[in-house]
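Colleague: Could you take me through the charged side chains here? I'd like a close look at how they pair up.

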Amino acid sequence: MKERLMEIKQRAIEEIKEVIDMEELDKKRVEFLGKKGEITQVLRGMGKLSAEERPVIGKLANEVRSVIEAEIETLKRDLKNKAKEAKLESEKIDISMPGRKKYYGHRHPLMRTKEELEEIFMNMGFDVVEGPEIETVYNNFDALNAPEDHPSRDMSDTFYITENILLRTQTSPVQVRVMKQKEPPIKIVSAGRTFRFDDVDDTHSPMFHQMECLVVDKGVTLANLKDTIDIFVKELFGSDFNTRFRPHDFPFTEPSAEVDVSCFKCKGKGCDNCNGTGWAMELLGCGMVHPNVLKKCGIDPEIYSGFAFGLGIDRVTMVKYGLNNIRLLFDNDMRFLDQF
Ligand code: DAH
């Protein structure tokens, strides 16, 4: 019996070593230690033993049982640990792996310029208003004092929808809408899309953007206009930029002027970029609101006066970011737009 027990112990240790999962381990436990297991069978045969042998074999059987139990416990722990490790391994996140990049959109450079301009004027106390892109011929031309034979009215210059409706060629009709609606004092800017029958080239597009400014109050003078433009140009481009007024002609202003900004490269000294003139960009058209326009909008020019200007947002954007082709702003090529 002693040999049998030692053989069982030896075999149990060897066989348990080979076990690879919990299920098999449980089978081994039943096989060796269970009610019908090998040790029990040995103990059942104890009746045949002598009184002296019985406690010796009993003790040995218990020792063997303890050894096998210990083996099983150890392996059980190992298997549990291994299972845990395998689970952790399978759930492991490789934090060194680059994540999937989210693509965030951002402001189009034109919208950035527009918002920057609006911000500057809001800080100067202006209201920001909007006007429709589809306008009446009356608001776009007649109320703005454009003579019947003004070339801009021509079918070859303007997109007409009907005889009386068109795509606005300028943001100036917003002036008319505001003046008809509101008593002075008026201090507004309005930015948006404008349309002209132009062929596309490096600096022209049939759709472009303007910003209109209008101030009407008692005692508004040309000095106020010059001061406002000077302040806003310095805000937009920097304090080392200057402006120059060149006489011009617009139907809706008298007197009228175009405003140039000093060259971005040489800051007014004269260089290749500005053909040695020191002046690089024609920034805007402006003037004192024509009395006819005030009258047409129900404002008494004997009491009130005003100034207005209109500037090209596309052009400002091109100069600001050093673009030489207006198409870049409308192609919507992400390789270009992502740079901003
Ligand atoms: N509307 C003019 C244009 O498109 C720009 C302009 C000039 C607007 C003088 C004005 C102004 O308000 O007073 O060329």
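How many salt bridges does the structure hold?

Modeller: There are 23 salt bridges in the structure, each one a side-chain nitrogen of Lys or Arg within 4 Å of a carboxyl oxygen of Asp or Glu. Keep in mind that this is a predicted model, where local features need pLDDT of at least 70 and side-chain atom pairs count only at 80 or more, while totals for chains, interfaces and linings use all residues. Residues are numbered from 1 along each chain as its sequence is written, and side-chain values use heavy atoms, leaving out hydrogens and water.

Let's start in helix α2, residues 22–33 (helices are DSSP runs of H or I, at least four residues, numbered from the N terminus). Here Asp26 reaches Arg29, with the closest N and O atoms 3.1 Å apart. The two sit three residues apart in α2, so about one helical turn separates them. Asp26 is partly exposed at 40% relative accessibility, and Arg29 is partly exposed too, at 35% (buried means under 20%, exposed over 50%, partly exposed in between, using a 1.4 Å probe and protein chains only).

Helix α2 also holds Lys28 and Glu31, again three residues apart, about one turn. Their side chains meet at 3.5 Å, N to O. Glu31 is partly exposed at 33%, whereas Lys28, at 13%, counts as buried.

Now hop over to helix α8, where Asp230 and Lys234 are four residues apart, about one turn. Their closest N and O atoms are 3.5 Å apart. Asp230 is partly exposed at 26%, and Lys234 is partly exposed at 26%.
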